[in-house]
Amino acid sequence: MDSPDSAAEPPIEALRSVFHLRETRRDDDRLLFYGESLVPERMLVREVWGAFREAGYEIQVASTRGGHEDVVIARPVSQGIDGIPWKNLGLFLATVVSTLLVGSLTWYYTPLSELLANPLVVLRAWPFTAAVLGVLATHELGHYVMGRYHGVDVSLPYVLPFIFPFGTLGAVIRMRGQMPDREALFDIGVAGPLAGLAATVVVTAVGLSLPPIAVPEWAIRGTGQVIVFNNPPLLDLIAGVLGQPTEYSDPSVAVNPVIIGGWVGMFFTVLNLLPVGQLDGGHILRAMVGESQERVAAVVPAALFGLAAYLHYGLGYGLDESVGLWGFWGLLSAVVAFKGPANPVDDSPLGPVRIAVGVATFALGALCFLLVPVEIMSV
């Protein structure tokens with residue numbers, strides 16, 4: 001495929017067959033074709049996408065001039081990294097720092113006074129940082145590699161720094177190009193969860209095999225309450241296979257913090273596989289069942305709100321536990337669902353192999369689901 005620097009002349013005649021062209025303009029590297037579409041927008045894209053793609057361009061359709069005129073926007077396809085990705089690197093380094101700080105203070109029980117006296121003490125949390133970022137980066141790189149394989153313009157991962165409890169909000173990539181067909185949509189969507197789960201299993205197994213850590217007396221006394229991250233079924237399954245414990249009766253002993261990297265991978269897998277909008281689950285289900293995916297997506301926010309209500313009113317959990325968590329994701333999933341899914345140019349159905357892989361992926365995701373991921377317990 002042609003690179004942006006060597007993109008051929010755009011196929012104007014192919015566009016004229018479905019578009020009444022009145023004016024052409026150039027805006028930096030983009031070409032803007034003004035006129036009136038002779039067919040519905042999705043049909044226009046489907047009819048001319050292949051010719052423009054072969055010439056090295058992505059296209060999209062928009063309205064302009066008060067909505068009285070259509071514009072077809074063609075820009076060269078980017079198939080590489082232009083220069084040094086400073087934003088990606090900056091966010092990654094910031095997340096390394098945030099996970100080291102949070103890991104040191106929270107999971108390795110480093111007193112704040114010791115950290116202030118010797119900031120390099122944060123380096124004791126490097127296994128935690130490597131575990132968490134390894135799982136998240138592997139997930140997003142799965143999307144990235146498969147996006148490049150299918151010729152879709154995708155960004156490098158953006159890792160997001162945060163504070164308690166993990167030092168990160170996760171990672172995302174941007175898909176800037178048109179999705180060519182359902183196969184590409186499925187492959188890109190499913191690659192992240194499967195790659196991330198593979199990394200999660202490895203990280204969890206390593207964490208379970210590492211020795212536990214000592215919990216200092218001041219951390220045991222604390223405030224009389226602790227935040228407990230309950231085990232997903234997959235974590236218990238891995239621990240059972242390895243014959244390793246996931247908790248200790250002695251409060252002065254805690255599991256190795258590397259296991260938390262596995263927990264993070266499992267929890268983010270559940271969230272990413274929600275079948276709404278342009279989350280991974282939305283991509284996968286849209287590719288599997290077509291436009292019927294939007295009917296499923298409409299139910300997801302109500303289901304999450306219902307789950308939060310059941311935990312609070314039925315089981316008596318507080319708003320600061322998993323109730324607030326599922327309520328927040330109910331709201332977020334409603335926003336994501338409202339924006340709609342990615343619509344491929346070629347909407348031909350998937351074959352049985354990909355359908356089976358999709359079902360298996362959602363089944364693996366179910367092994368990571370917990371009704372109550374987080375709760376507060378007295379000690």
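This is a predicted model: local features need pLDDT of at least 70, side-chain atom pairs count only at pLDDT 80 or more; totals for chains, interfaces and linings use all residues.
## The chain as a whole

The protein chain holds 13 helices and ten strands. Its C-alpha trace spans about 75 × 45 × 40 Å along the principal axes. Of the 379 residues in the chain, 46% are buried. When contacts between residues at least 6 apart in sequence are considered, 71% of them join residues at least 24 apart.

The accessible surface of the chain amounts to about 18300 Å², and carbon and sulfur atoms account for 63% of that area.

## Helix α3

Helix α3 covers residues 86-107. Its 22 residues reach 30 Å from the first C-alpha to the last, which is close to the 32 Å expected at 1.5 Å a residue. The buried residues in α3 are N88, T95, S98, T99, L100, V102, G103, S104 and W107. After the helix comes Y109, which has a positive phi, near 55°.

## Residue T99

T99 sits in α3. Its relative accessible area is 0%, so T99 counts as buried, the cut-off being under 20%. The side chain of T99 makes a polar contact of 3.1 Å with the side chain of T129.

Setting aside residues up to four places away in sequence, T99 touches S104, F128, T129, L133, F166, G167 and T168. One of these, S104, is also listed among the buried residues of α3.

## Helix α11

Helix α11 runs over residues 293-314, and from its first C-alpha to its last this stretch of 22 residues reaches 30 Å, close to the expected 32 Å. Buried positions in α11 are Q293, A297, V300, P301, L304, L307, A308 and L311. The cover over these buried residues includes α10 (280-289) and α12 (319-339). Just after the helix, G316 adopts a positive phi of about 80°.

## Residue A308

A308 belongs to α11. With a relative accessible area of 7%, A308 falls under the 20% cut-off and is therefore buried. Which residues does A308 contact, leaving aside its neighbours within four places in sequence? They are V323, W326 and G327.

## Residue R286

R286 lies in helix α10. Buried or exposed, where does R286 stand at 1% relative accessibility? R286 counts as buried, because that value is under 20%. A polar contact of 3.1 Å links its side chain to that of D347.

Apart from neighbours within four places in sequence, the residues in contact with R286 are R42, R182, L185, E291, Q293, P341, A342, N343, P344 and D347. Among them, Q293 is a buried residue of α11, and D347 is the partner in the polar contact.

Methods: Residues are numbered from 1 along each chain as its sequence is written. Side-chain values use heavy atoms; hydrogens and water are left out. Helices (H or I, at least four residues) and strands (E, at least two) are DSSP runs, numbered from the N terminus. Buried means under 20% relative accessible area, exposed over 50%, partly exposed in between (1.4 Å probe, protein chains only). A polar contact is a pair of N or O atoms within 3.5 Å; within protein, one must be able to donate a hydrogen and the other to accept it, and residues adjacent in sequence count only if both atoms are side-chain atoms. Contact means heavy atoms within 4.5 Å. The expected span of a helix is 1.5 Å times one less than its number of residues. Accessible areas come from the Shrake-Rupley method with a 1.4 Å probe; for residues, only the protein chains shown count as cover.
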